[in-house]
Amino acid sequence: MTKPKLKIIPLGGLGEIGKNMMVMECEDDIIVIDVGLMFPEEEMLGIDLVIPDISYLLERREKIRGIVITHGHEDHIGALPYLLPQLDVPVYSTKLTQGLISVKLKERKALSEAKLRVIPSGGQFTLGKFRVEFFPVCHSLPDSVGLIIYTPVGIIVHSGDFKLDYTPVSGKPTDLSRLAQLGAQGVLLLLSDSTYAELPGYTPSERVVGETLDHIMADAPGRVIVTTFSSLISRIQQVIDSAAKHQRRVFIVGRSMSDTTRMALELGYLNAPDGILARLDELKGMPHNKIVFITTGSQGEPTSALVRMANRDHRQVHILRGDTIVISATPIPGNEGLINRTLDNLFKQGAQVLYSKVAQVHVHGHGSQEELKLLLNLVKPKFFVPIHGEYRHLSLHAKLAQSVGIPKDSTFILEDGDILEISPQAGKITGKVTSGNVYVDGLSVGDIGSVVIRNRRMLSRDGIVVVIIAVNRQTGKLVGRPDIVSRGFVDTRESSDMLDESRDLVARILDHSGDRPAEWSFINTKVRDTLNKFYYEQTKRHPMILPFMVKV
Ligand SMILES: [Zn+2]
Ligand SMILES: [Zn+2]
């Protein structure tokens, strides 16, 4: 009898930050851990979101027993509205995570079909050959869990996103005793969060932020505007607590922030003393030093409430001189440009702006090196796979594992699509499956391929040249000089000689193409090649060249 083998296949989140998705497969059973999205990088022009390619799962749909979600951040649940309808399997999560998932699904009208199952932290459930147990981990939102997965080959621990804050604001600290227990029992494989594997020491406690907020609420001469992620429930709680202490009332601004806080209040994950939350129509006449706004926009998202307030484009709230604005979030890589523009805009309007570079208004939710080492020491896994991070994070995390005694050949640095096969004795990377980015642009999902992105990049870098070629309908011969229209390529006045020369060049090559009317595809290629070369020689640029034929 052959022993069952277990396959670990990351479909997202390894070799990049975001769109976390991990597949575990044992014979006829598959479970999927997290279904996240990624915000586009600056060079993915015009793309709204990036989600994982799930071709591998779609080919094996009947084997999938369920989706398990560790917590409600976008990089773990954000692709559900797009992918859940295609997979149509139950989704297991804790209560708050389910609430956040529901808000997301509802926005995309995918809620009614969804089978959402709530499992309490500490609870267990069975999915085919897998038995999954949730254990509490501390992260920047409550009800986050790590996973203990009992499989036919051994016990697997998946950390989810975690840190070891012993004094969290809301939610529980990471359950270290449960992990130590498992470590003594014997863990086959640990998968652990690498997001902050670059940082030495320990991540500061959330309490630090609470203290900073207290000072701000006490000292700010006017209104305080705090911007953060709508999923950062513990931060929202801190703002409410601190506002209450300083007799300020709290206005929640923006749809996603309102939806999330309402849900978290209903489920009991947020507590607001009576009378502290106010409606925007109560704003009039209220003294400025009694006001706190909580809103989104920490990433400079153009449609967020903060950016609209900064641009005087918000219906109810504008930035005023004397406002204190607190940006309580880490910039997501790729968003720095937008964030900096928003900061400048706010400063220009006379607001005081506090962000993590100038005040301790945010701590992140991931463990630093000493915390990662502690987890490795407690769990004492036979095999180790660093997860959630770009290659350098994974690589540094692997080095940390080696420093606490896990042999190098028991540590596997995987990238998206790799298949790691493990048995109780050995692990090996045995192949690769389809993986990659699916782009979401406006309403369309997936029909934006890499060619579209490449074209957008080309247009943004060197502009476009349209060549209009008029030919005689009967003879197929060139009529007059070709016309050239360019945008974003060169200053058309300064370079008019050069552009003129290129018109002559096109006329010349078309005249030389013989007596018989040339094929359009031939003309097309010939014009593009010639102009490409000519323009590059003249300008060292590669504009997109688009020949057009008009029959006259
Ligand atoms: Zn997270
Ligand atoms: Zn994450």
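Lys540 is found in the loop between helix H15 (520-539) and strand E26 (544-551). Helices (H or I, at least four residues) and strands (E, at least two) are DSSP runs, numbered from the N terminus. The model is predicted: local features need pLDDT of at least 70, side-chain atom pairs count only at pLDDT 80 or more, and totals for chains, interfaces and linings use all residues. Residues are numbered from 1 along each chain as its sequence is written, chains are lettered from A and ligands numbered from 1 in the order in which they are written, and side-chain values use heavy atoms, with hydrogens and water left out.

Lys540 is not a glycine, yet its phi is positive, about 60 degrees. The residue is exposed, with a relative accessible area of 57%. Here, buried means under 20% relative accessible area, exposed over 50%, and partly exposed in between (1.4 Å probe, protein chains only). Glu27, also not a glycine, has a positive phi of about 50 degrees. Glu27 sits in the loop between strand E2 (21-26) and strand E3 (29-33). Its relative accessible area is 44%, so Glu27 is partly exposed.

Donors are N, O and S atoms within 2.8 Å of the metal (3.2 Å for Na, K and Ca); water is not among the atoms, so sites may look incomplete. Asp161 bridges the zinc ion (ligand 2) and the zinc ion (ligand 1). These two ions lie 3.4 Å apart. His76 is buried, at 0% relative accessible area.

The second largest pocket has a volume of about 320 Å³. Its lining holds 17 residues, of which Ala329, Thr330, Pro331, Ser356 and Lys357 are the closest to the centre. On a 1 Å grid over the protein atoms alone, a cavity is a set of points where a 1.4 Å probe fits but cannot get out, and a pocket is an open set with protein on both sides within 12 Å along at least five of seven lines; lining residues have an atom within 4 Å of a point. Grid points are joined across faces, edges and corners, and a volume is the space filled by probe spheres set on the points. Helix H10 (residues 336-348) supplies the largest share of this lining, 4 residues.

The structure holds 0 disulfides (pairs of cysteine sulfur atoms within 2.5 Å). Cys26 is buried, with 0% relative accessible area. Cys138 is buried at 2% relative accessibility.
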